[in-house]
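Dear colleague,

Please find below the structure that I am handing over to you. My findings follow it, and I would be grateful if you would read them alongside the coordinates.

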Amino acid sequence: MSFKITSAVIDPVARKRELTQSASGACVTFEGWVRNHNDADMDVRGRATQGAVADGEAVQALEYEAHASIAEKEGARIIAEARERFAIAAAHCEHRVGKLGIGDCAVWVGVSAAHRGAAFDACRYIIDETKARVPIWKKEHYASGVSSWVNCATKVAG
Amino acid sequence: MIEITARYFAAFRERAGRDTERVTTQARTAAELYDELARRHGFADSLARCKVAVNDELADWNVTLTAGDEVLFFPPVAGG
């Protein structure tokens, strides 16, 4: 059970292997990938929100920043909460920092459980809470040459 | 008046043009300090959407500040 901030490429096969337990009959994994357009006006549950400045703008690259030690502590709390709420055997979440290109895996969540229901629910819980609570920030670099911190009303001067 | 260290991340760091500064303030809580620094640097995000950590632990905005504290200001998060 762990939560990790990493600057290294995420290896989904290796991470999944670590979830294997003989009592588990289900494994649910989620991968968040870098997409080629801005969608900053969607909240954590996919509902439209107001205030997007660059909706639909072409994205060339993303840059993730985190406060690693606080992120890993808050992430560990989320994993512990998932374990209390759902009947799961193992769970892991890993999030990239640094510059990523289109199609790169930015975040990986994996959960194993005796049965699929708990595995699906816990996986959803972990990614939703991670997006809402963990100190990780995303800067989009657009094809137009400008860049913008996602979700932030504070804009860089000049 | 107390002296604390403020640290800024992501959009806050770029807006303030620095990642850390010493601040002498009359603010009693993290929320009061955010109001003061948001005015000084032009941070536009509401308190409710931001987070604060004091001495490397996430904290409540109403936490009372003590001289020498390191106060970390986190703009709205956007992982995933």
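**Helix α3 of chain A**

Within α3(A), the buried residues are Ala118(A), Ala119(A), Ala122(A), Cys123(A), Tyr125(A), Ile126(A), Ile127(A), Thr130(A) and Lys131(A). Please note that this is a predicted model. The buried residues of α3(A) pack against β2 (26-33), α2, β4 (88-96) and β6 of chain A.

**Helix α2 of chain A**

In α2(A), burial applies to Ala71(A), Glu74(A), Gly75(A), Ile78(A), Ile79(A) and Ala82(A). These residues lie on the same side of α2(A), because they cover an arc of only 150° around the axis. Their packing partners are β1 (2-6), β3 (59-66), β4, α3 and β7 of chain A, together with β4 of chain B.

**The contact between the chains and the core**

In total, 26 residues of chain A are in contact with 22 residues of chain B. On the chain A side, the elements that give two or more residues are α2 (68-85), β6 (105-113), α3 (116-133) and β7 (136-142). Of these, α3(A) gives the most, with 4 residues. By class, this side of chain A has 14 nonpolar, 7 polar and 5 charged residues.

The largest nonpolar core has 56 residues, of which Ala82(A), Ile88(A), Val111(A), Ala122(A), Ile126(A) and Phe73(B) touch the most other members. The largest share of this core comes from α3(A), with 7 residues. Leaving aside its neighbours within four places in sequence, Phe73(B) is in contact with Ala6(B), Tyr8(B), Phe9(B), Phe12(B), Tyr34(B), Cys50(B) and Val52(B).

**Chain B as a whole**

The secondary structure of chain B comes to 2 helices and 5 strands, and from the N terminus on its elements run β-α-β-α-β-β-β. The radius of gyration of chain B is 11 Å, close to the 12 Å that the globule rule gives for 80 residues, so chain B is as compact as a globular protein of that length. Its C-alpha trace spans about 35 × 25 × 20 Å along the principal axes. Buried residues make up 39% of the 80 residues in chain B. Of the contacts in chain B with a separation of 6 or more, 55% are between residues 24 or more positions apart.

Glu21(B), in strand β2 (residues 20-25) of chain B, counts as partly exposed, with 15 C-beta neighbours inside 10 Å. The C-alpha atoms of Glu21(B) and Gly80(B) are separated by 30 Å, the two residues being 59 residues apart along the chain.

Most residues other than glycine have a negative phi. Which backbone value does Ala10(B) have, although it is not a glycine? Its phi is positive, at about 50°. Ala10(B) belongs to helix α1 (residues 10-16) of chain B and is buried, with 28 other C-beta atoms within 10 Å. Asn55(B) likewise has a positive phi, near 50°. Asn55(B) lies in the loop between β3 (51-54) and β4 (57-59) of chain B and is exposed, with 12 other C-beta atoms within 10 Å.

Yours sincerely

Note on methods. Residues are numbered from 1 along each chain as its sequence is written. Chains are lettered from A and ligands numbered from 1 in the order in which they are written. This is a predicted model: local features need pLDDT of at least 70, side-chain atom pairs count only at pLDDT 80 or more; totals for chains, interfaces and linings use all residues. Two residues are in contact if their C-beta atoms, placed from the backbone, lie within 7 Å. Ala, Val, Leu, Ile, Met, Phe, Trp, Tyr, Cys and Pro count as nonpolar, Asp, Glu, Lys and Arg as charged, and the others, Gly among them, as polar. A residue is buried if 20 or more other C-beta atoms lie within 10 Å of its own, exposed if 12 or fewer, and partly exposed in between; C-beta atoms are placed from the backbone. A nonpolar core is a set of buried Ala, Val, Leu, Ile, Met, Phe, Trp, Tyr and Cys residues joined through C-beta atoms within 7 Å. The arc is that of the directions from the helix axis to the C-beta atoms. The radius of gyration is taken over C-alpha atoms; the globule rule is 2.2 Å times the number of residues to the power 0.38.
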